[in-house]
Each structure stands twice: as structure tokens, then as C-alpha cells.
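These are my notebook entries on a structure that I had not examined before. I put down what I looked up, topic by topic.

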Amino acid sequence: MSFRSIRIVLLLCLLGAIAAVTYWERWSVAQWRQPLQVVIYPVNGDGSDEVGRYIAGLSASQFEEIAVFIRKQSERYRLKPLPLPQVILGKEVHVLPPELQGEQRSMWDRLRWSLALRYYVFHNTPFWQSLGRIKLFVIFHQTRDGVPLESSVGLQKGLFGVIHAFADSRQNAQNNVVITHELLHTLGATDKYDAGLQPVYPDGFAEPDDGEHYPQKQAEIMAGRIPLSAQQAVMPANLAACVIGSKTAYEIQWR
Ligand SMILES: [Zn+2]
């Protein structure tokens, strides 16, 4: 065999192994038999001391409401309530994850980026310990009014996500809403808002049963906003203002 074909065979073996591990991880988590384990890896988004201090002061307890929310919501759909998910605070990661570059974002760009992201996850987390755990990289930024953060991603096939959040304790509750949204993406949930970020009826509504009526009081977590009118919606302040709707529950195999 030539060097070139050996290289191709090795690459195919590597891709096959990644696919097998990915499949097994997703299958085992989707059974919901073990408590869901989520590790949050903080990343300093701008290298500033301000964000550094915020990260140094993080504790697992400020993410606990994510676990409580998931368990509580599961009671609406499952006969047996879910064991309380475990939210673990991982070590700070000192490298930023690869970004999807360029305007084109062709299929090839996306494939390269998703492989680079997988390598990033592999490189920055303990391999054996991380199997079957959801790995969320939360990139903290300084709060600047009116400057929107880059959009977060939760990859449905790799049990990991990249989340942009504000390094400000007043934003902790809303950060937890964003983290939970991306966490549910990694479990197979899809977005439930339209191109204008408006929740889609009925799946993106917290109370879809009485028809499309406004204003709604709560947000469906995968719609991400509380619809106030057909054209207006606001971010919920915290997870208490969110629910997991029946479509999302179905997608994450709660039925
Ligand atoms: Zn989303």
C-alpha cells in the first residue's frame, strides 16, 4: 500500500471511530436511565481581567437551576420523574473554539468547522471521563449595552455546545436560559422560532392549547422568547418563565 492510501485508510478508521462513539453516546444519553451529566467549561471571551475575575468567582451552584428546571419539566411528560441532572463546573479552557469563518458557509466550510470543533472538544476535555457527558463551552463576554452576542450552537450529534454569555452576575439567570436552550439542542431539540425570531405557533408557545392568543406569560424554551403579540416577543428573565413544550419533549425522547 502506498503512503497515500494508508493515510486515507487511517482517516476513514478515525471517522468511523468518531461516528461509533458519537452514536453510542447519543443512544445512551437518550435512554434517560442515568442522571444526565452536564459539564460547563468557562472560556474568557475577550481575555479581559473583568471576565477573568467573573470566571474565577463561578460556582456550580449558580447553574443548579438548570438541573432543577429539567427535572421539574420532565414531571409533565414522564410517569417516572427523571433523576436530578448533574451540572458540573469544569476547568476554565484557555483557547477559544474555532469559529465558522466567511460569508459563504458552504457545506464544505461547515464540515471542516464541525470537525475542528470536535477536535477542540477532544483536545480540551478529559476523554474517558467525558464520554456520555454533555460538554458545554460557555464563552463569557463583558456586558456592553446594545451589542448582541454571536449566536450560540448546540450540536445535535456531538453532545457538546458553544454558548456566548455575559460575564455579569445580573445576567446569570438569563444566561441559564440560553445554556438550557443549547443543552436541549444537544439532546435533539429543534428551534421553534421563525426568521424574525418570533415564536412559531403552536410548538413555540408555552400554552398552545387555547389557540394562538397573546400575550403569553411564559416562553417555550426552544422558541426562546415570550410572544407578546404576533410581531413582538421578549427574552424571559429566568427559567421560571420557561417551559418545555410537548414537541420539544417528544424530540428529546421524553415520550
Ligand atoms: Zn437554538
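Which residue in E2 is the bridge partner of Val39? I looked this up in the model, which is a predicted one, and found Ile88.

**Entry 1: the sheet.** I next asked how the strands around this pair are arranged. E1 and E2 run parallel and are joined by four bridges. They belong to an open sheet of five strands, ordered E2-E1-E3-E5-E4, with mixed pairing. I noted E2 (86–89) and E4 as the edge strands, since each pairs on one side only. On average, neighbouring strands of the sheet are turned by 25° against each other, direction ignored. Helix H2, residues 49–56, packs on this sheet and touches E1, E3 and E5. The direction of H2 makes about 155° with that of E1.

**Entry 2: helix H4.** I then turned to H4, which covers residues 107–124. Its 18 residues reach 26 Å from the first C-alpha to the last, close to the 26 Å expected at 1.5 Å a residue. Which residues of H4 are buried? I listed Asp109, Trp113, Ser114, Leu117, Tyr120, Val121 and Asn124. Seen down the axis of H4, these buried residues fall within an arc of 125°, so they line one face of the helix. In general, an α-helix has 3.6 residues a turn, so residues three or four places apart point the same way. The cover over the buried residues of H4 includes strands E1 (37–44), E3 (134–141), E4 (153–155) and E5 (160–166). On the other side of H4, I found Met107, Trp108, Arg112 and His123 exposed.

**Entry 3: the backbone.** Most residues other than glycine have a negative phi, and most peptide bonds are trans. I therefore looked for departures from this rule. The peptide bond from Tyr201 to Pro202 is cis, with omega near 0°. Another cis bond joins Tyr214 and Pro215, with omega about -10°. Pro202 lies in the loop between helix H6 (172–186) and strand E6 (219–220), and Pro215 lies in the loop between H6 and E6. Trp32 has a positive phi, near 60°, and sits in the loop between helix H1 (3–30) and E1. At 5% relative accessibility, Trp32 counts as buried. Gln253, in the segment after helix H7 (246–251), has a positive phi near 65°. Gln253 counts as partly exposed, at 42% relative accessibility.

How values were computed
Residues are numbered from 1 along each chain as its sequence is written. This is a predicted model: local features need pLDDT of at least 70, side-chain atom pairs count only at pLDDT 80 or more; totals for chains, interfaces and linings use all residues. Side-chain values use heavy atoms; hydrogens and water are left out. Helices (H or I, at least four residues) and strands (E, at least two) are DSSP runs, numbered from the N terminus. The expected span of a helix is 1.5 Å times one less than its number of residues. Buried means under 20% relative accessible area, exposed over 50%, partly exposed in between (1.4 Å probe, protein chains only). The arc is that of the directions from the helix axis to the C-beta atoms. Contact means heavy atoms within 4.5 Å. Two strands pair if DSSP finds at least two bridges between them. Axes are lines fitted to C-alpha atoms, for helices over the stretch in contact, and angles run from 0 to 180 degrees between N-to-C directions.
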